[in-house]
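I opened the model to look up a few local features.

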Amino acid sequence: MQGSIFTAFSELVIEQQGMAAWDEMLDKVQPASDGIYTRGQQYDDNELFDLVGALAEKTGLPAPDLVRAFGQFLFDKLYNNMPPNVGKIEDFREFLLAIDSVIHVEVQRIHPDAYLPKFEYDDTEDGDLIMYYESKRKLCHAAEGLILGAAAQFKQEVNILHPECMHDGAKRCKLIIQIKD
Ligand code: HEM
């Protein structure tokens, strides 16, 4: 996974738990990188999963909640570093639809060694947006957090349902995004 994801994670931990907590987590996990991450470089996904595990143990909070909160924090970092070729998108739903076909495609073009999740879209009868998420990393709770972060950016109120989940054995996660007008 990209270094930018790891630097965001370390920033969040240091901001909320302090530098000593981050150092303690590194001591425990002993990541191959020594916890020194550079944007644009790739690091082993397991380092992130192990660090999340250490944070869950330290805080006593469930890992999915921590990953969701991380996704929300990460959104602003990613949004402020959007690839220049992605035009300005003003509409929230349009933005969500652009993740798979425009934004992540552009990320992949710039970083050919990156692995990006796959999203497929559908509409419910009520007009809600369905996002099917699939990735070997099963970071569906990060996806939820990223969508919440995007909603805040676009000043939209949303409710996210997650009725089918890869963590429960589903082939892909089903996220239903209810956007309140
Ligand atoms: C609501 C908006 C977004 C959602 C739901 C989303 C979803 C995700 C998820 C869940 C991941 C974790 C990797 C995985 O699941 O396999 C990811 C990775 C990533 N996303 Fe997005 N994303 C969003 C917006 C953006 C934006 C605005 C950018 C702008 C640059 C971006 C760039 C990236 C990058 C660089 C990675 C890391 C890829 C890697 O390390 O291999 N994403 N995204």
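I took helices (H or I, at least four residues) and strands (E, at least two) as DSSP runs, numbered from the N terminus. The model is a predicted one: local features need pLDDT of at least 70, side-chain atom pairs count only at pLDDT 80 or more, and totals for chains, interfaces and linings use all residues. Residue numbers start from 1 along each chain as its sequence is written.

**Helix pair.** I looked up H2 against H3. H2 crosses H3 in the right-handed sense. Their axes lie 10 Å apart, at an angle of about 120 degrees. That makes the pair oblique (under 35 degrees is roughly parallel, over 145 roughly antiparallel, 65 to 115 roughly perpendicular, the rest oblique). Axes here are lines fitted to C-alpha atoms, for helices over the stretch in contact, and angles run from 0 to 180 degrees between N-to-C directions.

I then listed the contacts (C-beta atoms, placed from the backbone, within 7 Å). Ala21, Met25, Lys28 and Val29 of H2 meet Asp50, Leu51, Ala54, Leu55 and Lys58 of H3. By class, this contact has six nonpolar, no polar and three charged residues. Ala, Val, Leu, Ile, Met, Phe, Trp, Tyr, Cys and Pro count as nonpolar, Asp, Glu, Lys and Arg as charged, and the others, Gly among them, as polar.

**Positive phi.** Most residues other than glycine have a negative phi. I checked two exceptions. Glutamine 30 has phi near 50 degrees. Glutamine 30 sits in the loop between H2 (19-29) and H3 (45-59). Is glutamine 30 buried or exposed? Glutamine 30 is exposed, because 10 other C-beta atoms lie within 10 Å (buried is 20 or more, exposed 12 or fewer, partly exposed in between, with C-beta atoms placed from the backbone). Lysine 138 also has phi near 50 degrees. Its loop runs between strand E2 (129-134) and H6. Lysine 138 is partly exposed, because it has 17 other C-beta atoms within 10 Å.

**Ligand shell.** I counted 25 residues around the ligand, and Gln2, Ala114, Pro117, Ser135 and Leu146 come nearest (a residue is near if its C-beta atom, placed from the backbone, lies within 6 Å). H4 (63-79), H5 (92-110) and H6 (140-153) each give two or more residues to the shell. The shell has 20 nonpolar, four polar and one charged residues.

Technical notes:
A crossing is left-handed if the near helix is turned anticlockwise from the far one by less than a right angle, and right-handed if clockwise. Two residues are in contact if their C-beta atoms, placed from the backbone, lie within 7 Å.
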